[in-house]
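Look at the structure shown here and find the ligand before reading on.

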Amino acid sequence: MSLRLSRLQLREVRMPLKAPFATSFGVFLLRRILIVRAFDASGACGYGECTAAAEPFFNAETIETAWHVTSEFIGPLLAQRRPGGAAEVTAALAPIREHRMAKAGVETAIWDLEAKLQGAPLWRHLGGTRTSIDCGVSIGLQSTPEALVETVARELASGYQRIKIKIKPGADIALVEAVRDRFPDITLSVDANSAYALERDLPLMKALDRHRLLMIEQPLAAGDLVDHAKLQRELATPICLDESIVDATSLRHALELGSCRIVNIKLGRVGGHAEARAIQEMARAAGVPAWCGGMLESGIGRAHNIAMATQAGFSLPGDVSASARYFSEDIIDPPVTVSSTGTIAAPSGPGIGYAVDEARLESLTVRRAEIAL
Ligand code: OSB
Ligand code: MG
């Protein structure tokens with residue numbers, strides 16, 4: 001049965017974070033999130049989340065660019081091309097260059113809708129095989145090494161299987177040393193969000209290399225696969241690419257050059273489930289571990305991440321953690337919870353498998369738009 005899309009509903013919700021989340025490129029205090037609902041002619045609907053931030057510091061998109069591109073271009077293209085299934089949406093939107101987070105908000109909503117129409121859990125509909133996913137945490141920059149060590153201790157006690165800490169120039173080796181001194185054997189990684197330069201920072205990278213890290217995530221500029229390849233040749237620690245991988249082609253280039261040995265996959269960064277599925281399949285075929293990254297998502301984006309991470313290529317714990325780490329109240333009910341062994345069970349209900357709390361969504365909404373298809 002072919003999909004009959006009838007309209008999109010966009011809304012911006014504002015969700016304060018429980019604690020500031022600091023990275024090398026800035027601090028998140030509040031998430032401004034574009035939530036997309038895709039309706040079909042029967043009135044059924046699916047939910048998606050656009051993970052663009054308020055500022056263009058992680059990548060070039062913002063919630064404002066996503067709102068504009070979704071209403072002015074994605075909606076009209078869908079109305080014109082009328083994709084007959086979720087797997088056709090990426091091709092239908094191909095005339096729009098880039099703007100992958102905007103596309104992913106819509107594309108993932110259509111996957112949820114299609115899975116719901118078929119009465120199937122989205123994770124199974126995507127071809128997922130894992131009945132539970134392995135979870136790690138991403139810990140933002142802390143004011144002191146002591147504060148960081150305390151936070152790490154708390155997350156380990158909750159059961160998380162892997163600790164990732166954010167680093168930036170001037171707040172790097174001392175943080176890693178402090179965590180390693182206290183926890184010599186934990187699975188530990190660092191994420192630089194492109195804050196380093198090969199020429200200036202090779203000595204620092206070599207110092208990090210001595211700490212048995214699982215990976216060093218995105219040390220250099222997003223566009224610089226060549227310098228990542230040069231750096232990887234100097235290090236025993238695998239480099240993991242996040243910002244650099246925007247589609248399956250960029251992973252192919254990275255693998256051909258030797259720019260990474262691990263890949264972080266984010267639905268928004270790559271434009272949705274179809275591309276994410278292709279990337280994890282390419283990684284699996286190449287023997288390169290993949291894991292699910294995060295963008296401080298609300299429960300809707302989090303549920304999509306869980307579905308994505310059930311696919312076979314996702315062989316390392318991801319940055320998918322409990323709703324309660326970020327928000328005092330989520331927009332799904334019940335919120336995402338993590339077991340004492342650091343796992344999340346794949347849900348059994350249709351679509352994303354978590355009920356959206358419509359009343360709460362409504363109360364957090366600061367603007368909305370309807371797009372007829
Ligand atoms: O680089 O992985 C990143 C958050 C915002 C932007 C970029 C990143 C992150 C995280 C947090 O590391 C992941 C999460 O817990 O959602
Ligand atoms: Mg990252």
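What follows describes the ligand and its surroundings, and then the cysteines.

This is a predicted model, in which local features need pLDDT of at least 70 and side-chain atom pairs count only at pLDDT 80 or more, while totals for chains, interfaces and linings use all residues. Residues are numbered from 1 along each chain as its sequence is written, chains are lettered from A and ligands numbered from 1 in the order in which they are written, and side-chain values use heavy atoms, with hydrogens and water left out.

Around ligand 1 there are 18 residues, of which Ser138, Lys166, Asn193, Leu296 and Tyr326 come nearest; a residue is near if one of its heavy atoms lies within 4 Å of the molecule. This shell consists of 8 charged, 7 nonpolar and 3 polar residues. Asp, Glu, Lys and Arg count as charged, Ala, Val, Leu, Ile, Met, Phe, Trp, Tyr, Cys and Pro as nonpolar, and the others, Gly among them, as polar.

Which atoms of Tyr326 and Asp191 approach an oxygen atom of ligand 1? In Tyr326 a side-chain N or O atom is 2.4 Å from an oxygen atom of the ligand, and in Asp191 a polar side-chain atom lies 3.0 Å from an oxygen atom of ligand 1.

The structure as a whole contains 0 disulfides, a disulfide being a pair of cysteine sulfur atoms within 2.5 Å. For Cys50, the nearest cysteine sulfur belongs to Cys292 and is 16 Å away. Cys135 is in no disulfide either, with the sulfur of Cys292 the nearest at 9.5 Å. Cys135 is buried at 0% relative accessibility, where buried means under 20% relative accessible area, exposed over 50% and partly exposed in between (1.4 Å probe, protein chains only).

Methods
A polar contact is a pair of N or O atoms within 3.5 Å; within protein, one must be able to donate a hydrogen and the other to accept it, and residues adjacent in sequence count only if both atoms are side-chain atoms.
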